[in-house]
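Work through the following exercises with the sequence and the model at hand. Each task is followed by a solution that goes step by step.

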Amino acid sequence: MHFKEILEKKRNSDLLSEEEIKYFVNAYTKGDIPDYQVSALLMAIFLNGLSIDETVCLTEAMLYSGTVVDLSNVPGIKVDKHSTGGVGDKTSLIVAPICAALGVPVPMISGRGLGHSGGTLDKLESIPGFNVNQDLNTYKKIVAETGLCLIGQTKEIAPADKKMYALRDVTCTVENKSLISASIMSKKMAEGIDALLLDVKTGSGAFMKTEKDSEELASIMISIGKKMGKKMTALITDMNQPLGSHVGNALEVVESMEVLKGNTLPEQKDLEELSFILAAHMLVLGGKTDDVDNAMEMVQTTIKDLSAFKKFKEVTTVQNGNAAALDDVSMLPTANNTHLIKAEDDGYIQKIDALLVGKGSVLLGAGRLTLDTVIDPAVGVIVRKKIGDKIKKGDLLFEIKYNDEMKLKQSLSYFEESFLIDSQKVSKPELVKKVITDEG
Ligand code: URA
């Protein structure tokens with residue numbers, strides 16, 4: 001079999017066989033096919049699509065490119081949550097310690113920034129010393145002893161996704177249901193979970209712009225998870241404006257810690273609400289209760305008694321991070337400069353286009369433009385007003401945190417064009433559009 005034949009077939013919209021999919025995934029993981037040829041295949045898949053059968057084969061090939069972790073020694077139902085990607089979407093940093101504090105083990109394998117969206121690993125690495133590259137045995141030990149472990153794809157676990165994810169990020173081949181499903185489900189099925197909550201984003205800052213596409217994506221992933229014997233729930237949630245206020249790696253850690261400490265500002269209420277709803281669904285999947293309202297009350301206790309914040313500090317220490325930086329966030333990377341954008345009119349915020357905010361943040365240095373880009377953990381934007389807010393001329397809309405004047409210049413128009421103010425009243429967007437369980 002030669003890779004060029006596979007490439008040619010997909011370019012011509014032909015179906016790939018199971019052997020062809022297995023061959024290219026294994027050969028690419030081993031380093032036998034160069035990035036430029038796999039980039040071409042990813043673009044052919046992006047343009048011509050994969051059938052459901054091809055998508056399942058790709059997921060399985062990516063899953064078995066590494067080890068499928070056995071966590072049967074850890075008591076309890078192991079539950080994880082994964083988002084399909086958004087802007088300011090930092091809920092993993094909040095829901096994982098909440099659930100672990102309540103006794104639901106959370107083994108979590110996350111990704112880096114992808115396209116215009118942020119990534120949990122980049123956020124965690126902005127905490128000095130935090131190591132997301134734990135080997136298999138250490139990962140298992142941390143889950144067993146701490147109740148959660150936050151890592152990335154490794155050479156041992158989901159190595160195919162590690163390489164393909166990074167390549168998709170810089171080749172504009174992210175927004176495809178099959179590639180997203182295979183990427184998410186290959187690492188989630190490898191991490192040793194019993195149940196998975198999917199946060200499937202919809203709207204301008206999501207990879208799926210319509211609810212119909214988001215539901216289709218959810219149903220592909222639910223059927224893959226069910227086939228592999230996992231309990232699955234998906235929430236379709238709004239991603240038309242950034243979630244919460246902070247966008248950028250260290251900035252998102254700062255905001256997440258405020259939520260865990262119960263100190264949210266009005267512009268952070270959507271983040272707090274969605275995180276608590278997600279955590280409540282994870283508790284239901286984890287068998288702690290069968291009632292979401294009851295689970296919401298359990299979530300509240302972990303904020304009031306600071307047990308979720310303490311759990312996050314504990315896992316940070318265990319993963320070699322400096323937990324003192326979570327108490328004193330001035331120890332996190334901080335940008336040298338701030339540029340303010342203020343309202344030029346009175347009125348109501350009609351729109352804050354999450355896609356433009358995400359793209360602007362990548363250009364500021366929060367994300368990658370090439371495989372070798374070194375991100376700047378300190379930069380990003382703080383969004384001070386949200387859709388539906390009444391504002392007066394001169395009110396602060398955005399605080400842009402930057403280190404490089406040239407990058408600020410390149411990104412500024414994205415932020416300036418992202419919002420729309422008008423005299424008409426608008427209501428706040430509905431956060432959760434739909435809940436889909438594996439029973440339909
Ligand atoms: N999250 C992932 O892990 N992969 C994708 O492709 C998109 C979101």
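Helices (H or I, at least four residues) and strands (E, at least two) are DSSP runs, numbered from the N terminus. The model is a predicted one, in which local features need pLDDT of at least 70 and side-chain atom pairs count only at pLDDT 80 or more, while totals for chains, interfaces and linings use all residues. Residues are numbered from 1 along each chain as its sequence is written, and side-chain values use heavy atoms, with hydrogens and water left out.

**Exercise 1.** Locate alanine 218 and state whether alanine 218 is buried or exposed.

Solution. Begin with the element: alanine 218 belongs to helix H10, which covers residues 211-227. Next, take the classes of relative accessible area, where buried means under 20%, exposed over 50%, and partly exposed in between (1.4 Å probe, protein chains only). Alanine 218 has 0% relative accessibility and therefore counts as buried. Finally, follow the chain 179 residues along to leucine 397, whose C-alpha atom is separated by 34 Å from that of alanine 218.

**Exercise 2.** Describe the setting of glycine 119 and of histidine 246.

Solution. Glycine 119 lies in the loop that runs between strand S2 (106-110) and helix H6 (120-125), and glycine 119 counts as buried because its relative accessibility is 3%.

**Exercise 3.** Which elements give two or more residues to the shell around the ligand, and which polar side-chain atoms lie by its atoms?

Solution. First, strand S1 (79-83), helix H8 (159-170) and helix H9 (177-190) each give two or more residues to the shell, and H9 provides the largest share, with 4 residues. Second, polar side-chain atoms lie 2.7 Å from a ligand nitrogen in serine 183 and 2.4 Å from a ligand oxygen in lysine 187, while a side-chain N or O atom of arginine 168 is 2.8 Å from an oxygen atom of the ligand.

Notes:
Polar contact = N/O pair within 3.5 Å; in protein donor to acceptor, adjacent residues only side chain to side chain.
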